[in-house]
Amino acid sequence: MIGRRGAAAGQGNAVTDDWPFFLPASNLVYAVRVDGKAPPMAIPPQIRAQAAAMKTIYALPSPLRRLIAGKPVQLDGQELALDAQLLLRMQQLSGTSLVASDFDVNTSRAALDAARHLVSGAPIQPVATRELLIPADHGDIPARLYTPQGLADGSPLLVFYHGGGFVIGTRDSHDNTARLLAKQAGVRVLSIEYRLAPEHPFPAAQQDALTAFDYAHAKAADLGADAERIAVGGDSAGGNLAAVTALAATRRGGPAPAFQLLLYPAVDSTTRRRSRELFGNGFFLTDEHMTWFLDQYAPAGVDRADPLLSPLLADDHTGLPPAYIATAGFDPLRDEGEAYAAKLAEAGVPVGLSRQDDLIHGFVNFTGVGTRFREATAEAAGALRMGLSGYTR
């Protein structure tokens, strides 16, 4: 069952990982990551000016914003939100895209890390942060703990995995997403800096994701959290990591997540669905981007039907934790996310499916512009709050 624009299916009412536009990626190499870490740097004046311009554009009266965005876009019985269409128009005018035109990994990472300042908005406060290192067999996994002001010890905790196709993205690129979820859901958030491809192909990210959950459960008291109310969640590739973490933890026995927050997740690397054909060009995340991301994370020799890469294909989904799944109407990943919701429901797993039918992939990162992106993200935060409220597994 699908809830559209404010309705969580089965419960009542319930697009990208990245957003480089305005500046060509080649102009943003100042923030290139080294070994998965982005050096702390002040926001360049050029980025500040463009962020102010973006804010001004979104503050214009609706008729003027419509004039800039163009005629309404209608496809597959849906109409694209003006906020989303305006964002895509600005990207089109700047001649940029989610991934660098030459598909250079470092340039694409730098563009995303820098351009977040354009659309994420000012850091949401009051939310305290603390940097952590999670021990792993290969070394330490960097993480950041978010704690809303006034939140008592023993709170629920969300282990959050950022999106970015397993190739780009950082805990910095999703900083305001984590802040919003923490504050509006009333939870602590542990945001994970898992290893990225192509340097670290599958199953590196999946292993880091499970290690991070195990750490959160073992160290719950130190994190100020309740070990019985730990959720996993993420957007896009991060949604994949949350889903496979829940699957792996449930199948092995022992500690498992209490809830899954899956935001336009990638859950099947073997099948092209109708939404990819419909929305694979012109709606931020493209078919070409998806192919490139997967080729980096799951190159030749990787079984793309492995349930730890494609959780939709698992033989058994019974016993998995309850889930909230959000999809975006104009997202190439829409249909596989909704197929996963159906698969969980068939297995008797409580699931709320919410199609934000007027949005594009990546909407949780665009909460600093307009109002529609924040509305959809706030709904997800509400589902998380409800899912972890007084939960006992």
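Tutor: Helices (H or I, at least four residues) and strands (E, at least two) are DSSP runs, numbered from the N terminus. Two strands pair if DSSP finds at least two bridges between them.

Student: Where does the model come from?
Tutor: The model is predicted, so local features need pLDDT of at least 70 and side-chain atom pairs count only at pLDDT 80 or more, while totals for chains, interfaces and linings use all residues. Residues are numbered from 1 along each chain as its sequence is written, and side-chain values use heavy atoms, with hydrogens and water left out.

Student: How many helices and strands in the chain?
Tutor: The chain has 12 helices and 11 strands.

Student: What joins β4 to β5?
Tutor: A hairpin, through 2 residues. Strand β4 (residues 127-136) and β5 are antiparallel, paired over 10 bridges. Val-127 has Pro-148 in β5 as its bridge partner.

Student: Which way do β5 and β7 run?
Tutor: β5 and strand β7 (residues 188-192) run antiparallel, joined by 4 bridges. Opposite Arg-144 stands Ser-191 in β7.

Student: How many residues of β5 are buried?
Tutor: 8 of the 10 residues in strand β5 (residues 139-148) are buried, so β5 is largely enclosed by the rest of the structure. Buried means under 20% relative accessible area, exposed over 50%, and partly exposed in between, with a 1.4 Å probe and protein chains only. Across the chain, 60% of the 393 residues are buried.

Student: Which residues have the most contacts inside the largest nonpolar core?
Tutor: Tyr-161, Leu-190, Ile-192 and Ile-360, in a core of 119 residues. Such a core is a set of buried Ala, Val, Leu, Ile, Met, Phe, Trp, Tyr and Cys residues joined through side-chain atoms within 4.5 Å. Helix α8 (residues 237-252) gives the largest share of this core, 9 residues.

Student: And what is Leu-190 in contact with?
Tutor: Leaving aside neighbours within four places in sequence, its contacts include Leu-132, Ala-143, Arg-144 and Tyr-215. Contact means heavy atoms within 4.5 Å.

Student: New topic. How many aromatic pairs are there?
Tutor: A search of the whole structure finds 10. In one of them, Phe-279 and Phe-283 have ring centres 5.8 Å apart and planes at 85 degrees, so the pair is edge-to-face. Rings of Phe, Tyr and Trp (its six-membered ring) pair if their centres lie within 6.5 Å; planes under 30 degrees apart count as stacked, over 60 as edge-to-face and the rest as tilted.

Student: Are Phe-279 and Phe-283 buried or exposed?
Tutor: Phe-279 and Phe-283 are both buried.
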